[in-house]
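Reader: Please put the model on screen and take me through its contacts, salt bridges and backbone geometry.

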Amino acid sequence: MNHMKTIAKGVSALALTMALGTSASAQDWSAELGDHDGTTIRVQSIADPFIDAFREVSPAFTELTGAEVTLDSFGYDPLHEKQILSCSQGSDEYDVLFIDGIWVGEFAEAGCLEPVEERVAAANPDVMAMDDYIDSFKGQAIWDGQLQCLPIAGYWHMLHYRKDLFEKHGLEVPKTFDELMQVAKFFAEDDGDPDVAGMAMNFQRGSAAGQQFFEWIYSAGGKPWESNYPGSDDPYADQTPLFNSPEAVEMIEFFKAMVPYGPPGVEQFAWDERANAFTQGKVAMINNWSVRTPLFTDPDISKVTDAFDVAMFPHADGASSVPPVGGWIMCLNAHGQQKDAAWDFMQWFASPEVHKDFVLAGGPPSRHSAMQDEEIIAAQPWVPTLYESAKAAWQEGRPRHAMTFEMIDAIGLQVNRAIVGDATAQEAMDEANETITQMLTRAGYLK
Amino acid sequence: MAEITNTGTKVFARARPEESDRAIKLFFIAPAVIYLLLLSVFPFIYSVYLSLYDAKLTRMDRKWFVGFENYERLLSDPLFLKAMQNTVVLTVSSIILEVIFGFLCAKVFLSLREMRTGQVLRSIAILPMMITPICVGLMFSYILNPTLGIMNYLLSGVGIEGPSWFGNPTFALPTVIFINAWQWTPFMMLLMLAGLVSIPDSLYEAAELENAKWYHIARYIELPAIRDVILIGIILRVIDNLKLFDLVYVTTRGGPGDSTELLTFFAYRQDFRFFQVGYGSAAAVIILLISIVVTTVAVAYLRKVQK
């Protein structure tokens with residue numbers, strides 16, 4: 001019976017692959033793309049793991065149009081600095097900008113982006129396949145009621161855990177915060193694996209701890225401000241901060257209680273430290289963006305290639321899992337001088353056909369078709385869990401207006417103060433709430 | 001009439017070379033003046049101007065005049081006040097360490113100055129101050145990493161569980177101070193060594209005849225002789241420490257909590273992370289004013305001592 005099922009699965013996968021392949025090969029790019037021989041399209045991006053896949057896929061565009069594609073990558077903060085400063089000077093150094101989905105309000109307000117809404121409407125719907133994007137990430141490319149950019153590289157959080165150790169100790173994968181803490185405590189105190197800590201989280205002051213607040217608050221049963229909750233029709237209608245709500249304070253107390261179960265120095269952990277600790281087998285669990293998951297399977301850098309698995313983001317008792325969503329949206333530089341060529345590249349790169357190649361090369365899947373693609377699932381077995389996470393995520397999980405950076409940093413400072421014992425959770429979050437109330441009032445977001 | 005003309009001609013003839021000299025002088029000074037105006041005076045005036053506005057770089061078209069409100073906000077901002085406190089603690093502690101260890105090292109190298117080994121060691125000893133602070137920060141981040149760093153590994157060898165050097169608010173600022181002092185002690189050492197070398201041998205011989213101990217020599221001969229040098233070193237290091245940024249940026253980013261937040265880091269975050277250029281400029285102006293006041297007082301004190 002199982003054998004039959006396997007064959008049936010194989011046949012259907014083959015059929016799907018052939019169908020996609022047929023559809024892909026049927027795409028006549030000459031009708032969609034111009035001749036850009038002699039042009040160089042310059043792309044500015046975050047130095048995230050997907051850039052290798054980007055570089056692997058892009059040369060095909062050169063074959064089609066003659067345009068060279070170059071990519072420069074930077075760290076998170078330097079990229080934001082460079083992009084805003086370049087924009088303020090009206091620089092056309094880059095034609096295509098990858099920006100974090102949560103920066104879209106700031107960039108749109110500063111006039112750095114040329115909205116792609118009209119170009120998408122004028123383009124071939126089969127190439128754009130806008131309905132194929134996953135809503136929770138597609139929403140991050142929309143601001144002021146229009147599509148600003150293309151949602152190319154979506155990330156969602158999953159719980160990554162050491163399945164070998166869980167099997168060895170007969171542990172269940174935690175679903176709730178309480179279960180998570182129990183398992184983390186078990187590993188931290190278990191003599192059988194003395195070098196493996198329980199759980200690593202982002203506690204470093206600034207963006208790391210600040211973003212973590214937003215990543216966990218919905219699954220903790222809370223919300224960051226009054227009208228921002230999953231399914232809200234107008235998340236920015238009432239921005240009265242709720243950073244010191246009972247749910248928020250309880251969540252920060254939970255964070256603090258998790259510190260002893262983390263690796264040494266976890267108070268200073270950000271994205272890299274968290275992922276490195278897991279890659280080196282130093283920690284049993286991490287919550288992590290899916291873009292880094294392929295790295296854990298790379299034998300050159302990972303010691304846990306076959307030893308890990310993923311699960312849905314945990315939640316508090318009585319709440320449901322609302323996995324964080326993030327990632328990078330591809331935008332047209334409003335000050336660029338070769339927008340048509342850049343747009344051709346963008347629509348080509350974002351098309352379902354090229355997106356699949358991008359994902360197979362290690363990029364993050366952002367479309368329904370990619371999430372359901374058997375070939376992709378075979379290459380990235382965590383994709384079904386990722387798809388489930390993507391469907392349960394809330395697009396407004398983190399603020400996306402012009403004060404985002406400042407707001408996240410202010411919360412990150414207070415979360416970290418509570419973590420390291422500079423203040424109690426209640427004191428820290430009271431101060432965060434007060435600071436953000438003043439900040440939003442000055443910016444005109446609060447009356 | 002002819003005389004008058006002659007006199008006039010004489011006067012004219014004398015004035016021309018002077019004016020020409022003046023023009024030549026102005027011509028040669030002009031690049032420096034233009035450089036100063038463009039790169040120092042204009043940015044400063046523009047910073048003062050911006051500090052009087054509520055301005056964000058991403059919406060400069062919507063900036064509005066707020067007078068001294070940014071300064072009032074700064075002086076009641078707990079983070080800015082903490083940054084000021086940390087900067088004072090870092091400056092004073094680092095300089096005390098640098099003077100003490102700089103003097104001790106200078107004494108060691110003074111006694112070794114005739115030996116080739118001493119000269120080689122002196123060259124090695126000044127290496128830390130030749131490394132850029134970013135690299136120093138990265139180096140110590142690795143050394144003091146609680147999981148992979150060699151420091152805690154060595155401590156564990158003697159039964160001590162090393163702390164999270166940059167993650168614990170009790171240790172973070174002292175660790176930054178230690179690294180800063182480690183890097184800049186050679187600078188003080190070099191200054192003091194130059195001062196010590198200039199002390200006449202006869203003073204040491206006289207002290208020897210009087211059976212003076214080493215601390216007598218240091219207290220009554222050496223320190224008074226190099227007091228001016230130490231003061232100049234302190235002034236330079238105060239200015240340096242008020243500008244310290246890279247080390248904190250690489251190692252702690254102002255954390256944990258606000259335990260290593262410095263004035264420069266505060267201003268940087270306002271200006272280049274949040275693009276609140278009005279508020280950030282106000283912070284920068286305050287830093288500049290503090291630098292000017294501290295330096296002026298120190299220089300006045302130095303002159304008084306010299307007199």
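Author: Buried means under 20% relative accessible area, exposed over 50% and partly exposed in between, with a 1.4 Å probe and protein chains only. This is a predicted model, in which local features need pLDDT of at least 70 and side-chain atom pairs count only at pLDDT 80 or more, while totals for chains, interfaces and linings use all residues. Residues are numbered from 1 along each chain as its sequence is written, chains are lettered from A and ligands numbered from 1 in the order in which they are written, and side-chain values use heavy atoms, with hydrogens and water left out.

Reader: Is T39(A) buried or exposed?
Author: T39(A) sits in the loop between α2 (29-32) and β1 (40-46) of chain A; helices (H or I, at least four residues) and strands (E, at least two) are DSSP runs, numbered from the N terminus. Leaving out residues up to four places away in sequence, T39(A) touches G66(A), A67(A), E68(A), Q338(A) and A341(A), where contact means heavy atoms within 4.5 Å. The relative accessible area of T39(A) is 15%, so T39(A) is buried.

Reader: What area do chain A and chain B bury between them?
Author: In this pairing, 31 residues of chain A are in contact with 34 residues of chain B. Buried area is the accessible area (1.4 Å probe) that two parts lose on being put together, summed over both. Carbon and sulfur atoms carry 52% of the buried area, and the total for chain A and chain B is about 2,800 Å².

Reader: How are α5(A) and α12(B) oriented to each other?
Author: Two packed helices are described by the angle between their axes and the distance between the axes. The axes of α5 (residues 76-88) of chain A and α12 (residues 263-273) of chain B come within 10 Å and cross at roughly 55 degrees; axes are lines fitted to C-alpha atoms, for helices over the stretch in contact, and angles run from 0 to 180 degrees between N-to-C directions. Angles under 35 degrees count as roughly parallel, over 145 as roughly antiparallel, 65 to 115 as roughly perpendicular and the rest as oblique. Therefore α5(A) and α12(B) are oblique.

Reader: Which residues of α12(B) make the contact with α5(A)?
Author: From α5(A), the contact uses D77(A), H80(A), E81(A) and L85(A). On the side of α12(B), it uses Y268(B), F272(B) and R273(B).

Reader: How many salt bridges does the rule find across the interface of chain A and chain B?
Author: Over all chains, the structure holds 24 salt bridges. Across the interface of chain A and chain B, the rule finds 6.

Reader: How many residues apart are R119(A) and D340(A)?
Author: The side chains of R119(A) and D340(A) form a salt bridge at 3.2 Å, N to O. R119(A) is in α7 (residues 117-122) and D340(A) in α16 (residues 339-350), both of chain A, so the pair links distant parts of the chain. D340(A) is exposed, with a relative accessible area of 51%.
Author: Most residues other than glycine have a negative phi, and most peptide bonds are trans. P256(B) is found in the loop between α11 (246-251) and α12 of chain B. The cis bond has an omega of about -5 degrees, and the partner of P256(B) is G255(B).

Reader: What is the phi of D144(A)?
Author: D144(A) lies in the loop between β5 (142-143) and β6 (146-147) of chain A, and is exposed with a relative accessible area of 65%. D144(A) is not a glycine, yet its phi is positive, about 55 degrees.

Methods:
Salt bridge = Lys/Arg side-chain N within 4 Å of Asp/Glu carboxyl O.
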